[in-house]
Each structure stands twice: as structure tokens, then as C-alpha cells.
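Okay, thanks for coming, everyone. Let me put it up.

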Amino acid sequence: MKRTLLRGFLDSVARMSTTRTNYWAEFVIDLALGAGMVFEGWQRHQGSALDALLAVLLGLFAFSFVEYFFHRWMFHTQIPLFAQGHRMHHERPLGYDSLPFFLPGIVLLILTGLCMLVVSSGFALLMMGSVTFGYIAYGLSHFIIHHVRFRHPLLLRWAGAHHVHHYHPDTNFGVTTPLWDIVLGTQYVRKSRKT
Ligand SMILES: [Zn+2]
Ligand SMILES: [Zn+2]
């Protein structure tokens, strides 16, 4: 009985996660959350401005790895909701399949709480606020990559790396940056054609 209830709940959340409303609701919630965290973090921050900048840079750097980690080891595995939504995205890249709108916000808040146990609350909020903005940037980048045709060679290359991932799903896991694909050896390398 409990199993069927849980399955039913997961199924309805998965169905909701394919809607356009869910897609944009998540952006609105995350934007409010990120802005709130940065504002509150700045209020509470007692160190120098350089300290605050360090928290922001650390947050953005940490997010670049979180992006890679989730895409490679959570989305391309069998984890319910994560894998399901991502499989749908690979099948129809122009659709609105994404995570349930409330999930990333909850995870970010829990992580912020954990960070506060280790560093000052001001530093933790500034850092996790930046992680949140990194996540928003990732979401917007991913949307733009699939919905906009670029002309600028650099942007073409940047978007092209993710389009390659759709053909070769075991390469190019980074969307905003190729950094971790380069470090961990998953960047797509074109095989030279035999002539
Ligand atoms: Zn994609
Ligand atoms: Zn993928």
C-alpha cells in the first residue's frame, strides 16, 4: 500500500515536472532565494569586502563542479525524478522537462544550513547565494542553448559542446563551462576520419 502511494506521488510529481509552469516557477523561486541569501549574507557579513568576494567566487567555483557532478552522476543514472526528467530532455530537447520546482530550493537551503555549521552565517549565505545564481545561470544557459541560434563563433562553440552531448551522452557534461570535462577527461574529442 505504502509503495503504491509513494509511486503515485512520484508519478504525479514527474508529470508536473514536464510543464512550462513548473519550469518557470523554479526560476522565480530560485531567483528570490538567491537574492534573499545574498542580501541577508551581506547584512550579516562582518569580514572585509575581499572576504565577501572570496565567498562569491568560491560559490561560483563550487557550482561549476555541482553542475558537472549532477549531470554526470545523478542525471545519467537511474535515480528517480533526476534520471526520468533528464531522459525526457534528451528525447525532446526543446521541451520543458526539468526538476520539480521546489526541489533545488530545498536542497540549497539544506546545504546552506550545513555550511553555517562550518563557516560564519554571512559567509555561508553569500557563498550559497552565489551557488544559487550559478544554478540559475546554468538553467538559463541551457534554455538559450536549445532555443537560440548563435552566430558569434565563440558562442557557437560554447553551445555546440552541449549539442554534442546530446549525440554523445557520455561526453561534455558541463553546460556553462567545459572546465570539469577537461579536468576529468570527458571532453568530446572528434575522432579523425579515415581518408
Ligand atoms: Zn540539453
Ligand atoms: Zn545529459
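Let's start with H2 and H6, whose axes are 7 Å apart and pack at an angle of about 155°. Axes here are lines fitted to C-alpha atoms, for helices over the stretch in contact, with angles from 0 to 180 degrees between N-to-C directions. So H2 is roughly antiparallel to H6; the cut-offs are under 35 degrees for roughly parallel, over 145 for roughly antiparallel, 65 to 115 for roughly perpendicular, and oblique for the rest.

Quick housekeeping: this is a predicted model, where local features need pLDDT of at least 70 and side-chain atom pairs count only at pLDDT 80 or more, while totals for chains, interfaces and linings use all residues. Residues are numbered from 1 along each chain as its sequence is written, and chains are lettered from A and ligands numbered from 1 in the order in which they are written. Helices are DSSP runs of H or I, at least four residues, and strands are E runs of at least two, numbered from the N terminus.

Back to that pair. H2 and H6 cross left-handed, meaning the near helix is turned anticlockwise from the far one by less than a right angle; clockwise would be right-handed. On the H2 side the contact includes Phe 27, Leu 31, Met 37 and Trp 42, and on the H6 side Leu 125, Met 128, Phe 133 and Ile 136. Contact means C-beta atoms, placed from the backbone, within 7 Å. By class you get twelve nonpolar, seven polar and three charged residues. Ala, Val, Leu, Ile, Met, Phe, Trp, Tyr, Cys and Pro count as nonpolar, Asp, Glu, Lys and Arg as charged, and the others, Gly among them, as polar.

Now, how does H3 sit against H6? Their axes are 7 Å apart, at about 45°, so the two are oblique to each other. This crossing is right-handed. Among the residues involved are Ala 55, Gly 59 and Phe 63 of H3, with Met 127, Val 131 and Tyr 138 of H6. That contact divides into 15 nonpolar, four polar and two charged residues.

Then there's H5, whose axis comes within 9 Å of that of H6, crossing at roughly 155°. That makes H5 roughly antiparallel to H6, and the crossing is right-handed. Leu 108, Leu 111 and Cys 115 are among the H5 residues here. This contact has eleven nonpolar, three polar and no charged residues.

What about the largest nonpolar core? It has 16 residues, and Ala 124, Leu 126, Met 127 and Met 128 have the most contacts inside it. H2, H3 and H6 each give two or more residues, and H6 gives the largest share, nine. A core here is a set of buried Ala, Val, Leu, Ile, Met, Phe, Trp, Tyr and Cys residues joined through C-beta atoms within 7 Å. Buried takes 20 or more other C-beta atoms within 10 Å of a residue's own, exposed is 12 or fewer, and partly exposed is in between, with C-beta atoms placed from the backbone. Beyond its sequence neighbours within four places, Met 128 touches Met 37, Gly 59, Leu 108, Leu 111, Thr 112 and Cys 115.

Last, two loop residues. Leu 99, between H4 and H5, is buried, with 20 other C-beta atoms within 10 Å. Asn 172 lies between H7 and H8 and has a positive phi of about 50° without being a glycine. Most residues other than glycine have a negative phi.

Note on methods
Two residues are in contact if their C-beta atoms, placed from the backbone, lie within 7 Å.
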